[in-house]
Amino acid sequence: MTDPTGFLREEYDRLVAADLDWKLRVLEGPSAPHGVVDGQDVLILCSNNYLNLSNHPKVKEAAKQAIDEYGAGSGSVRPIAGNMTLHEELERRIAGFKRAEAALVYSAGFTANSGLIPQLVEKGDVVISDELNHGSIIDGVRLTKADRMIYAHADAGDLGRTLKEAQDAGHRRMLIATDGVFSMDGDLAPVDEIVKLAEEFGAMTYVDDAHGEGVLGEDGRGIASHLGVEGRVDVEMGTFSKAFGVMGGYVAGSEDLRSFALNKSRTWLLSASHPPAVAAACIASIDVLETEPQWVRQLWENTLYFKKGLQGMGFDTGISKTPITPVIVGESSVAKELSDRLLKDGVFALPIVFPMVARDRARIRTIMNAALSREDLDIALGAFERAGTGLNIL
Ligand SMILES: Cc1ncc(COP(=O)(O)O)c(C=O)c1O
């Protein structure tokens with residue numbers, strides 16, 4: 001008799017044998033730049049909580065108050081009985097922050113991408129995607145009935161060529177989808193050039209600003225603000241799970257976009273709305289971003305200091321333009337060993353290895369945090385220097 005679930009163990013064993021299985025580290029206490037991981041005090045250099053807003057007193061207080069006032073859960077999907085004043089307020093606030101006409105909040109960034117992209121294009125249309133887009137865009141694209149075309153990473157020239165090919169093939173709607181910041185290298189999509197090309201070819205633009213908001217542009221308004229094309233991206237998608245320090249996704253754009261997305265995205269229609277505490281915490285995070293610009297400033301001061309320190313030691317930090325700084329070491333085994341040594345020395349930063357990046361481009365990916373002090377950064381740099389010297393890569 002065959003074992004119908006035998007593949008579960010076989011597949012897992014294969015991953016373990018190839019050293020490709022996830023070994024989960026456990027955070028004891030809050031996600032904060034000074035944390036406890038697997039029982040050890042560490043500086044956390046791999047969290048997306050860029051501004052440490054998950055621990056901001058105003059954000060925590062808002063979550064607590066919302067529980068007292070509205071309870072623990074929303075009770076339903078929004079189109080039925082789960083549309084609370086808090087959800088509506090959050091959408092007005094995020095639209096205001098992004099200087100867009102309207103916004104729609106999803107349960108996560110992943111469900112925004114996987115729920116909306118397949119609705120924006122259908123048979124006879126084409127979606128044109130950067131080759132290194134995030135998995136949630138890729139899954140959204142896989143769910144479309146439209147044709148798919150891939151252009152070379154962040155290459156506006158290749159995008160132009162692809163758009164021409166798509167136009168010549170007689171596609172009806174064309175959708176260009178790209179991450180704003182690419183999370184493996186910390187580099188940027190040329191969103192300004194992409195917008196120009198889209199306008200020339202009559203294509204729609206969809207930019208995933210997950211690692212851009214709270215980081216780039218005026219007071220963290222994101223990549224469109226950073227590259228001077230605010231108001232010209234058709235769909236600005238984002239997440240509250242990174243710099244905002246909470247959880248949830250959104251799209252911002254026109255009123256038409258909101259009405260369309262609300263009526264068509266199955267991940268929105270068929271999945272419950274945020275618990276009140278989450279919606280209230282997201283609103284409070286927007287408040288903080290709008291009133292306390294020092295956090296974004298500090299994030300960048302820390303970023304520049306840390307990058308310079310790593311580069312000064314001779315580490316290869318790639319093509320990053322953001323607080324995501326990869327430390328590229330080559331072989332996967334070296335990246336893993338470097339990460340282990342850093343952890344023993346009190347710095348938590350994960351290795352990123354093949355197949356997430358090319359075989360010879362394994363790295364430690366560091367993500368900066370606004371709440372790290374200069375002394376913390378010197379401690380982290382010291383750990384990198386000791387580990388790098390010990391491994392003969394410096
Ligand atoms: C570029 C990008 N898009 C989307 C997501 C998904 O966002 P969320 O965590 O809100 O589901 C992520 C998170 O890893 C991301 O990095």
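Modeller: What follows starts with the conventions, goes on to the whole chain, and then turns to the core and its surroundings.

This is a predicted model, in which local features need pLDDT of at least 70 and side-chain atom pairs count only at pLDDT 80 or more, while totals for chains, interfaces and linings use all residues. Residue numbers run from 1 along each chain as its sequence is written.

The protein has 14 helices and 13 strands; helices (H or I, at least four residues) and strands (E, at least two) are DSSP runs numbered from the N terminus. Along the principal axes, its C-alpha atoms fill a box of roughly 60 × 55 × 55 Å. Of the 394 residues, 48% are buried. A residue is buried if 20 or more other C-beta atoms lie within 10 Å of its own, exposed if 12 or fewer, and partly exposed in between, with C-beta atoms placed from the backbone.

Now the core itself. The largest nonpolar core has 112 residues, where a core is a set of buried Ala, Val, Leu, Ile, Met, Phe, Trp, Tyr and Cys residues joined through C-beta atoms within 7 Å. Ile128, Leu175, Ile176, Val251 and Cys282 have the most contacts inside this core. Helix 11 (residues 276-291) gives the most to the core, with 11 residues. At least three residues of the core come from each of domain 1 (12-44 + 293-390) and domain 2 (57-291); these bounds come from an automatic or database domain assignment. In soluble globular proteins, nonpolar side chains tend to be buried together.

Not counting residues up to four places away in sequence, Ile176 touches Ile128, Leu159, Ile194, Ala198, Ala203, Met204, Thr205 and Tyr206. Contact here puts the C-beta atoms of two residues, placed from the backbone, within 7 Å. Among contacts in the protein between residues at least 6 apart in sequence, 70% join residues at least 24 apart.

Next, the boundary between the domains. The C-alpha centres of domain 1 and domain 2 are 27 Å apart. Across the boundary, 16 residues of domain 1 are in contact with 12 residues of domain 2. On the domain 1 side, helix 12 (294-313) and strand 10 (324-330) are the elements that give two or more residues, and strand 10 gives the most, with 3 residues. That side divides into 10 nonpolar, 4 polar and 2 charged residues. Ala, Val, Leu, Ile, Met, Phe, Trp, Tyr, Cys and Pro count as nonpolar, Asp, Glu, Lys and Arg as charged, and the others, Gly among them, as polar.

14 residues surround the ligand, the closest being Ala108, Gly109, Phe110, Ala210 and Thr239; a residue is near a molecule if its C-beta atom, placed from the backbone, lies within 6 Å of it. The shell has 3 nonpolar, 9 polar and 2 charged residues. Helix 4 (residues 109-120) gives the most to the shell, with 3 residues.
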